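Hi,

Here is the structure I said I would pass on to you. Have a look at it first, and my notes on what turned up follow below.

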Amino acid sequence: MQRDMEFGQSPQLKGVVIITLPPPDNPSLGKTITAFTLSDPPLDRPHHTRQQLQRQQHQEEEEEEEEPHQLPSPSPPNPALQFSVRKLSLGNPRILLGFLGVSLFVFLLWNFASSSPLVELRRKNDDREPTSFILPLYPKLGSRSLGDLELKLGKFVDFHVNDMKPGGINKLATSVSAFDSSTIFPVRGDVYPNGLYFTHIFVGSPPRRYFLDMDTGSDLTWIQCDAPCTSCAKGPNPLYKPKKGNLVPLKDSLCVEVQRNLKTGYCETCEQCDYEIEYADHSSSMGVLASDDLHLMLANGSLTKLGIMFGCAYDQQGLLLNSLAKTDGILGLSKAKVSLPSQLASQRIINNVLGHCLTSDATGGGYMFLGDDFVPYWGMAWVPMLNSHSPNYHSQIMKISHGSRQLSLGRQDGRTERVVFDTGSSYTYFPKEAYYALVASLKDVSDEGLIQDGSDPTLPVCWRAKFPIRSVIDVKQFFQPLTLQFRSKWWIVSTKFRIPPEGYLIISNKGNVCLGILDGSNVHDGSTIILGDISLRGKLVVYDNVNQKIGWAQSTCVKPQKIKSLPFF
């Protein structure tokens with residue numbers, strides 16, 4: 001009005017707003033808001049008739065019924081209408097609060113529906129250079145017993161130079177391609193009877209497929225190779241054949257990392273980078289570092305390649321040969337600089353984050369990813385990663401409980417125990433005191449008709465039931481869950497890792513239910529809890545080496561999904 005007065009015009013422009021509320025007995029009809037502008041019409045424009053206004057009002061009602069959650073599109077600038085809406089919002093706070101309440105309810109409803117651990121969210125910066133890759137895991141045929149179960153936690157050991165094979169020095173130059181997509185593959189595998197999860201990668205030019213055990217407790221990725229091979233298992237694929245140009249020189253930084261703990265010192269006459277790895281089950285692998293192209297398949301079906309260094313393993317000993325009957329080597333996923341995630345991160349291909357999700361059903365499977373594009377924004381429980389000299393994924397716990405009973409950790413000084421997350425181990429290992437306390441606590445199942453069967457060689461503790469057992473679901477009601485209480489950054493708050501009965505029990509070939517937690521007094525340092533595949537199933541587990549933390553969340557582990565951005569309304 002004031003603006004019209006300043007231009008010498010009379011204050012004839014007025015606005016009228018009519019609000020029609022729904023009847024109390026039928027609120028679904030919705031409300032009707034109609035705005036009228038009353039002014040002197042221009043000479044070249046006809047008046048709006050009542051029928052036109054009614055048609056406009058009817059059209060607005062239909063649009064409001066069809067799209068109740070969408071905001072109306074902006075109208076052309078009209079001072080009277082703008083004044084009327086502002087007056088409406090300020091003069092009717094209940095309507096404004098009601099709209100805000102409905103918006104908040106819709107947002108919370110979407111948040112709840114999207115908080116499943118299977119919902120994997122991309123970071124806001126979608127055009128950054130690092131990306132993520134998802135690798136498959138496959139089942140391994142054949143039955144396994146206690147004598148050949150998986151237990152890795154490998155470490156580099158000293159060796160004799162004379163035992164190594166000669167070779168030339170000619171480092172393979174690597175080239176890094178720019179990535180703009182992620183790979184998505186299915187994952188398969190199980191704890192029993194196969195005893196491990198493994199994936200495949202493509203190496204060389206032309207690319208050849210190799211199946212590798214997924215192992216967060218091993219540093220170096222290695223493939224059985226014909227150098228020639230001294231002791232190799234007959235795997236599913238032909239042996240990798242290195243060329244002279246594939247051998248890594250002794251002065252390479254990764255070779256220095258591999259050999260930094262050797263007592264023999266630097267060898268000036270050696271023409272190759274030799275190594276030897278010893279695993280917790282006393283098996284070993286000997287080889288030489290090689291460099292070649294790693295081919296990764298993207299979601300759009302295309303392949304991209306980059307140069308990586310891995311072990312050309314020509315001498316395997318011990319139980320390791322059993323697991324190599326259906327695989328070609330080990331996929332090292334630890335924190336070490338020579339591991340595959342660290343190599344990709346050093347080339348700025350990914351952020352140094354990896355995760356895996358192993359299904360808990362009988363068919364097995366899951367997925368594994370490299371990079372942080374599939375880490376959920378919420379729904380994860382996080383604990384700090386220990387900054388130790390060990391490249392394994394360690395954290396600390398304060399106590400273990402079986403149901404309501406607390407298990408002794410054997411510590412008289414009140415110190416916390418360390419926990420290692422190890423996908424290279426089929427089963428979970430407790431320190432001696434905690435293991436025998438658990439076995440004693442499980443004697444209560446005899447009251448439920450379960451009788452311990454010492455004739456079953458599958459695992460040390462097995463029970464026979466008076467009824468046929470088809471799966472753990474048939475007997476899980478007789479067992480209590482295990483709870484590992486972790487120490488978090490906030491001393492007054494703890495984070496719990498819950499292991500349901502299906503996370504520590506298996507059904508043997510004899511139809512017995514067996515305890516998948518073993519005595520770890522002779523494993524590793526004897527006092528560390530090792531969480532193996534059996535207890536990691538049914539969870540998305542993430543190892544964030546950038547922020548030094550480990551997280552988990554319940555998941556069905558079918559496949560990851562991406563939501564690029566939050567919805568706005």
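Cys229 and Cys232 are joined by a disulfide, with 1.6 Å between their sulfur atoms. Please keep in mind that this is a predicted model. The torsion about the S-S bond of this pair, Cys229 and Cys232, is about 105 degrees, so the link is right-handed. Both ends are partly exposed: Cys229 has a relative accessible area of 24%, and Cys232 comes out at 26%.

The torsion about its S-S bond is -70 degrees, and the link of Cys357 and Cys557 is left-handed.

Cys462 belongs to strand 22 (residues 462–464) and Cys514 to strand 26 (residues 513–515), so the pair connects parts that are 52 residues apart in sequence. Cys462 is buried, with a relative accessible area of 0%, and Cys514 is buried, also at 0%.

Now for the interior. In soluble globular proteins, nonpolar side chains tend to be buried together. In this model, the largest nonpolar core has 86 residues, and those with the most contacts inside it are Phe421, Phe430, Trp463 and Phe479. If you click on Phe479 and leave aside its neighbours within four places in sequence, you will find it in contact with Leu442, Val445, Leu450, Trp463, Pro501, Tyr504 and Leu505. Apart from that core lies another, of 22 residues, which includes Val248, Cys267, Tyr279 and Ile330.

Finally, the chain as a whole. The protein chain contains 9 helices and 31 strands, and 48% of its 569 residues are buried. Of the contacts with a separation of 6 or more, 74% are between residues 24 or more positions apart. The chain exposes about 29,300 Å², with carbon and sulfur atoms supplying 54% of that area.

Best wishes

Notes. Residues are numbered from 1 along each chain as its sequence is written. This is a predicted model: local features need pLDDT of at least 70, side-chain atom pairs count only at pLDDT 80 or more; totals for chains, interfaces and linings use all residues. Side-chain values use heavy atoms; hydrogens and water are left out. A nonpolar core is a set of buried Ala, Val, Leu, Ile, Met, Phe, Trp, Tyr and Cys residues joined through side-chain atoms within 4.5 Å. Buried means under 20% relative accessible area, exposed over 50%, partly exposed in between (1.4 Å probe, protein chains only). Contact means heavy atoms within 4.5 Å. Helices (H or I, at least four residues) and strands (E, at least two) are DSSP runs, numbered from the N terminus. Accessible areas come from the Shrake-Rupley method with a 1.4 Å probe; for residues, only the protein chains shown count as cover. A disulfide is a pair of cysteine sulfur atoms within 2.5 Å.
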